[in-house]
2 protein chains.
Amino acid sequence: MQVSEIQWSKTEKEISRSAFDRAYQREIDSLIQTVTETAKTISDIDQVWQLHDFLSAKRHEIDGKYDYQYSSLIFVFARLVREQWLSIDELEGLEAEKLAKISALVKML
Amino acid sequence: MQVSEIQWSKTEKEISRSAFDRAYQREIDSLIQTVTETAKTISDIDQVWQLHDFLSAKRHEIDGKYDYQYSSLIFVFARLVREQWLSIDELEGLEAEKLAKISALVKML
């Protein structure tokens, strides 16, 4: 699958950017909620370091995942759909071949 | 100052351990309070990463500081007094020479 050679129209770029930003915001909102809820229950130092470990992992994961490059966008969208930060419906307007590739990848992940 | 050659009596060891543990608990309690208070005010992702940075620094600092070894205890106590996690009065019962060394170091830190 030579995703690096896929072309993106102006409309597709707009749809992609919007979907990408929406997924990011959802994951961030969820993270903020998790942190604030978790922090309320902290009563010993082990729980503080567990929160630290969780944030270290999340930061690494989010930094790696939300890298907006057209060469990897098919994979990024498949992952975001797989993780339920994005619905495949929100990518409507991308050409059928791209959507088929994303759907196929979702099942493989 | 050859602190590595200082001898500690059984009573002094008990006083030291107790003071050390008390300072640790105070710093930990303060950290837990800071984390829970800070988490309440988080509303964007930058603040999440600021909390992560803060915890990374604190973990490193606390891991390094609370190393209970008699060869470095004079320095550890001086630092804890300087940072106000411990009062010099709580070390009462250590021999005068040790207390004088700790007090001298507090002024140098």
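How many residues of chain B are in contact with chain A? In this predicted model, where local features need pLDDT of at least 70, side-chain atom pairs count only at pLDDT 80 or more, and totals for chains, interfaces and linings use all residues, 15 residues of chain B are in contact with 15 residues of chain A. Contact requires that the C-beta atoms of two residues, placed from the backbone, lie within 7 Å. Residues are numbered from 1 along each chain as its sequence is written, and chains are lettered from A in the order in which they are written.

**Interface**
- The side of chain B that touches chain A draws two or more residues from each of α1 (10-40) and α2 (45-65) of chain B; helices are DSSP runs (H or I, at least four residues) numbered from the N terminus.
- By class, this side of chain B has ten nonpolar, three polar and two charged residues; Ala, Val, Leu, Ile, Met, Phe, Trp, Tyr, Cys and Pro count as nonpolar, Asp, Glu, Lys and Arg as charged, and the others, Gly among them, as polar.

- The same surface serves both copies, as 100% of the contact residues of chain B recur in chain A.

**Individual residues**
- B:D21 lies in helix α1 of chain B and counts as exposed because it has 12 C-beta neighbours inside 10 Å; the class exposed means 12 or fewer other C-beta atoms within 10 Å, buried 20 or more, and partly exposed in between, with C-beta atoms placed from the backbone.
- A:Y66 is in the loop between α2 (45-65) and α3 (73-82) of chain A and, with 16 C-beta neighbours inside 10 Å, counts as partly exposed.
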